[in-house]
Amino acid sequence: AAPVAPKYTYTPLNHLKGGTIVNLYGAVKFFKPPYVSKGTDYCSVVTIVDQSNVKLTCTLFNGNLDALPKIYKIGDIVRFHRIKIREYNKQMQGITGIGFASLTFDGTVGAPIVPRTSSKSYSFTEEEQKTIEELRTWAASNLSVCGPTAKLSGIQPMLFFDLTCQLVGKAEVDGSSFLLKVWDGTKCPHPSWKVLVEESDLEGDKVLIHRLRNLIVDILVYDNHVKLAKSLKVGSFLRIYSLHTKQASAENQPDVSYVEFHLHGGTCYGRGIRVLPENNPDVKELKAFMDSVNLTESQNVESMSSMELDGIFGNLSCKSNWKLIHSLLLHKNSTGHVIFNIALKKTWSVFLSFKQKVFGRYKIHMDLLDQKTIFTYSSISQQKQEVPDGDDFDLILRDCAASAPNPEVHNSLWYDCEVWDTENQGQRKIAVHFVKHDELLQEPEDTLIMVQGGTLKEIRKLSRRFKCIIPVRSTKEDLELLDLSAPFLLQGKIWHYGCKQCSNQKTIQSLSSLAEEEPSWEPTEIARVLGIEPLQYVFVMKFTLDDGTGALDAYLFDYEKFFQIPASEVLTSSLLQEKMEMIMNILCPSGTKLDDLPWLECFIRSYNVKDGMEQQVCYQIFDTMVAEDVI
């Protein structure tokens with residue numbers, strides 16, 4: 001006799017009790033595609049609902065990816081057997097236990113009822129078929145079944161959406177990002193970036209990729225999605241969830257914009273990738289559409305294609321520069337790996353640091369600075385460099401003042417010199433060299449002066465009167481800059497520093513080329529002609545962020561965008577310091593519990609820092625601004 005299928009009892013979601021093991025049916029209200037957990041298992045999070053309008057969030061683990069529910073979209077119907085129920089914070093939760101099994105069904109009303117499962121043996125009765133049909137009908141009226149799906153032809157910048165597509169190429173970019181080349185048969189209406197990789201690193205049919213060049217978009221996936229991306233087979237059909245488009249512009253052509261595609265790290269908002277089987281209804285529809293596309297027509301578009309933009313944008317996304325972007329913590333693209341709403345714990349400190357704007361690789365040392373210490377970072381030596389405070393600068397100046405000015409360099413065709421004797425200071429002499437324009441002296445507020453032998457107090461007095469001051473000393477033949485431990489330029493209260501390791505200093509005579517023109521004495525121009533790699537003031541801060549599930553330390557390296565306050569001016573302005581204090585008191589009020597703290601919506605990305613042989617994952621806040629109503 002044929003074996004009799006066991007009869008299962010299914011528990012409505014409003015009848016669940018903690019500490020029980022039950023069988024369930026439900027419609028998917030939210031889900032996260034399977035991802036690698038902190039251990040070796042895969043994890044999937046699913047929230048289901050039924051006609052009782054009660055929802056249940058289930059956290060499912062399994063070492064076998066195929067054993068987890070094959071959910072493709074909101075509205076799918078799931079059947080869970082032997083799921084363990086526990087109560088947490090007065091809410092029921094579902095977790096996998098011994099013997100857990102699942103079936104998944106398309107939630108579309110009228111679609112064939114065919115279970116998705118990797119199991120070779122399961123039972124399914126006519127009564128259960130009726131249950132699925134009833135749940136489908138209910139979900140169609142009570143769930144927002146249609147997710148934020150979009151075709152490439154309909155995307156806009158700053159959009160999060162789900163994309164169904166075919167993979168035609170893939171390549172590793174670096175350890176924390178991976179390139180997927182995909183198409184869906186439609187053309188992106190905006191120029192899109194091309195991530196440049198070595199041809200030998202690109203897996204896929206090169207001829208096909210070239211034929212589809214105007215229809216393909218490049219997607220970078222990050223962090224926890226990289227392992228799955230590497231395993232994807234070229235030619236497979238994918239659904240990418242919570243894909244992000246971001247508008248950017250090229251450094252060399254800021255008027256030309258393009259669109260970047262990113263699958264950020266983490267699993268927030270259901271972010272992830274699913275491989276769809278070829279018998280999936282959406283895949284069948286997509287394949288039929290792709291077969292109808294006229295590739296010849298798509299290759300002859302009048303608008304600038306993505307391939308034509310390679311020369312404009314390629315330098316922004318090549319391998320070496322991509323690694324640079326992560327290590328420099330500069331915002332070039334939307335590599336925002338995670339978007340959080342986060343409560344700030346009271347652990348903030350405000351620091352000032354310098355960071356240079358360079359185009360080489362260097363290692364970030366995540367030092368927490370006290371308010372009396374300022375560091376620079378070197379791109380070549382990969383070492384931090386301490387910047388002197390006022391007392392240290394004064395000692396440098398006094399040391400240089402010990403030697404008398406050289407009379408042979410007192411005057412030149414492009415500057416005039418005046419020398420003063422100081423009284424009761426050991427006959428110390430101060431030489432001030434006034435840079436001329438067209439052999440004429442300018443008004444003091446427009447004049448650059450070079451000062452030799454002055455103390456910090458004297459130079460500060462001169463900076464109130466003259467536009468710019470360069471501290472110098474004299475050699476047997478010429479004037480020269482001080483060691484770059486000191487600022488190379490003073491503009492009012494702002495001091496400009498250069499990198500000792502990265503600069504290739506030129507003689508002070510190089511300034512004469514600026515003096516010949518009508519000089520504006522911009523610091524960047526002065527640094528350029530003197531061969532100095534300038535350092536830039538930045539805020540360096542560490543936030544401890546907590547969203548209720550755990551804490552995360554996130555660093556902020558910011559010039560002026562986050563607080564809308566220039567870091568270069570806050571040291572010298574009591575008004576700006578008060579403004580900073582007010583903002584931080586709003587973000588991190590004292591004497592409050594975690595539940596009472598404000599929420600911060602920000603972009604966060606991860607990056608790797610190598611310390612010796614060990615790799616450490618750090619997190620950075622980027623592309624985030626304090627709202628005007630807070631300021």
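Colleague: Why is Asp 416 called partly exposed?

Modeller: Its relative accessibility is 27%. Buried means under 20% relative accessible area, exposed means over 50%, and partly exposed is in between, using a 1.4 Å probe and protein chains only. Asp 416 therefore counts as partly exposed. Before we go on, this is a predicted model, where local features need pLDDT of at least 70, side-chain atom pairs count only at pLDDT 80 or more, and totals for chains, interfaces and linings use all residues. Residues are numbered from 1 along each chain as its sequence is written, and side-chain values use heavy atoms, with hydrogens and water left out.

Colleague: Thanks! What makes the contact of Lys 436 with Asp 416 a salt bridge?

Modeller: The closest N and O atoms of Lys 436 and Asp 416 are 3.3 Å apart. A salt bridge needs a side-chain nitrogen of Lys or Arg within 4 Å of a carboxyl oxygen of Asp or Glu, so the pair qualifies. Helices (H or I, at least four residues) and strands (E, at least two) are DSSP runs, numbered from the N terminus.

Colleague: And is Lys 436 buried or exposed?

Modeller: Lys 436 has 11% relative accessibility, so it counts as buried.

Colleague: Which other residues form salt bridges?

Modeller: The whole structure holds 12 salt bridges. One of them joins the side chains of Asp 218 and Lys 194, at 4.0 Å from N to O. That pair links distant parts of the chain, with Asp 218 in strand E9 and Lys 194 in the loop between strand E8 (177-183) and helix H2 (206-211), 24 residues apart. Both Asp 218 and Lys 194 are buried. Together with Lys 181, they are linked in a network of salt bridges. Glu 480 and Arg 473 also meet through their side chains, at 2.9 Å from N to O. Glu 480 has 31% relative accessibility, so it counts as partly exposed, and Arg 473 is partly exposed with a relative accessible area of 29%.

Colleague: How do you know that strand E11 is largely enclosed?

Modeller: Of the 7 residues in strand E11 (residues 257-263), 6 are buried, so the rest of the structure largely encloses this strand.

Colleague: What are the pairing partners of E11?

Modeller: Strand E9 (residues 217-222) pairs with E11 in the parallel sense over 3 bridges, and strand E10 (residues 237-249) pairs with E11 in the antiparallel sense over 6 bridges. Two strands pair if DSSP finds at least two bridges between them. Leu 220 has His 262 of E11 as its bridge partner, and Gln 247 stands opposite Val 259 in E11.

Colleague: Why is Thr 245 called buried?

Modeller: Thr 245 has 0% relative accessibility, so it counts as buried. This residue belongs to strand E10. Leaving out residues up to four places away in sequence, Thr 245 touches several residues, including Ile 155, Met 158, Val 259 and Phe 261. Contact here means heavy atoms within 4.5 Å.

Colleague: What makes Gly 110 exposed?

Modeller: Gly 110 reaches 72% relative accessibility, so it counts as exposed. Gly 110 lies in the loop between strand E6 (101-105) and helix H1 (126-142).
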